[in-house]
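Here is a short briefing on one protein chain. Keep the structure open while you read.

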Amino acid sequence: MTNEAKPTVVVYGDGQLARMMQPAAAELDIHLRVLASSESNSAAQVIPDRVLGDYHDYDVLYDAAQGSDAVTFDHEHVPNEHLHALIDASFNVQPQPSALIHAQDKLVMREKLAELGVPVPRFKAIESVEDARAFSEDVHGQICLKARRGGYDGKGVWFPDPAEFESLVKELLDNDTPLVAEEKVALTRELSVLVARAPGGEVRAWPVAESVQRDGVCAEAIAPAPDLDPEMAEKAAGIGRTVAEKLGVTGVLAVELFAFDNNGIEDVSVNELAMRPHNTGHWTQDGCVTSQFEQHLRAVLDCPLGSTETLAPYTVMANVLGAPEDPEMPMRDRVREVMRTYPQAKIHLYGKDHRPGRKIGHVNVVGTDAEETRRIARTAAHFLVAAKWD
């Protein structure tokens, strides 16, 4: 078939999420095009049809979208006014900006979810030091400050020391950082709900996963979440479906949840939303009938969605995060050693150079015992990071 006969999906963004859509696109004979800022970036390395340019430039977005059946994203930072203009120009943008704004602006997200009756921590828009002081008093100093836009992987999030609290708020506001404050939740763990919704309304959810954060970055995901009460699992999945349907999300939606103790019973509230494939869903590549990457492509093209059934009792994803110092052993040799020691480990690398703390890949392992599966995934990922067995 010629490319003209294939469905064409354009992805704005050139990171590992766009990169991992390529195998699924190839298997479904979907033509993928990526808007990249550099030919050396993760997705541009493996997607031959790439347009180079800045996603802040409407003309670049317009040119990249030519001939597409759907336009989608691997991040939420494309200006919404440009997306509305693309829709006015008859392009099929999925998810639409009316949904995407809730993943772009944390205050808009909090206000909408509260309106829908979805559980969220107490929150307040912070426009002055006085606003921050009053909210801190209301929550007895248990406060988390967040930049309304642009934060990820722990960036744009502060847990201020009381002695520095007001000076931090003043500094951020003086630097034109719009803020929202939330009541700090006494976490017992973090959970992640992934659902996919097609424009026609079909919705499918994957099992609820537990995510483990280190320094604000996802380090592991275990699915299904161990020891999760079935009623709580259904409640969490219901939150995901409600958000997807009420906000009109299309494609993959990740709902990150805070789990906490509510009078001896585990309960949840929403932390963040992401409207694209998500780090906590990488386990679906090797643990489910349909991965989040294939499902996202199906959804934005309004194709029937695939089964989200699991292929093993447990799947564990462990991120490969750049070490403080890059080991002398080349990565290709580290990969061979992991292959030799753990042939059941599935290694996914992103084509990225080393940088401390940078996500450069992940390892998926399936198994019948949660702790043993987790041990193998964690050990394999650690060797890829440090070139030594933990």
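**Helix contacts, sheet and a buried histidine**

In α4, I101, H102 and Q104 meet K106, V108, M109 and K112 of α5. This is a predicted model.

**The α4/α5 pair**

- Helix α4 covers residues 97-104. Helix α5 covers residues 106-116.
- The axes of α4 and α5 come within 5 Å and cross at roughly 110°.
- An angle of 65 to 115 degrees counts as roughly perpendicular, so α4 and α5 are roughly perpendicular to each other.

**The four-stranded sheet**

- An open sheet of 4 strands runs in the order β5-β8-β6-β7. The pairing is antiparallel.
- β5 and β7 are the edge strands, each with a single partner strand. One side of each is therefore left without a neighbour in the sheet.
- Strands of a sheet pair through backbone hydrogen bonds.
- β5 and β8 run antiparallel and are joined by 4 bridges.
- Within this pairing, A125 stands opposite V180 in β8.

**Helices on the sheet**

- α5 lies across β5, β6 and β8. Its direction is at about 145° to β5.
- α6 also packs on the sheet, where it touches β5, β6 and β8. The direction of α6 makes about 165° with that of β5.

**Helix α7**

- Which residues of α7 are buried? They are F165, L168, V169 and L172, in a helix that spans residues 165-174.
- Seen down the axis of α7, these buried residues fall within an arc of 100°, so they line one face of the helix.
- What do the buried residues of α7 pack against? Their partners are β5 (123-126), α6 (129-138), β6 (143-147), β7 (157-158) and β8 (179-183).
- D176 follows α7. The phi of D176 is positive, near 60°.

- Is H31 buried or exposed? Buried means under 20% relative accessible area, and H31 counts as buried because its relative accessibility is 13%.
- The H31 side chain makes a polar contact with the side chain of D49, at 2.7 Å.

Notes: Residues numbered from 1 in each chain as written. Predicted model: local features only at pLDDT ≥ 70, side-chain atom pairs only at ≥ 80, totals over all residues. Heavy atoms only, no water. Buried < 20%, exposed > 50% of the residue type's maximum accessible area, 1.4 Å probe, protein only. Polar contact = N/O pair within 3.5 Å; in protein donor to acceptor, adjacent residues only side chain to side chain. Helix = DSSP H or I, 4+ residues; strand = E, 2+ residues; numbered from the N terminus. Arc of directions from axis to C-beta. Contact = heavy atoms within 4.5 Å. Pairing = 2+ DSSP bridges. Axes fitted to C-alpha atoms, helices over the stretch in contact; angles between N-to-C directions. Parallel < 35°, antiparallel > 145°, perpendicular 65-115°, else oblique.
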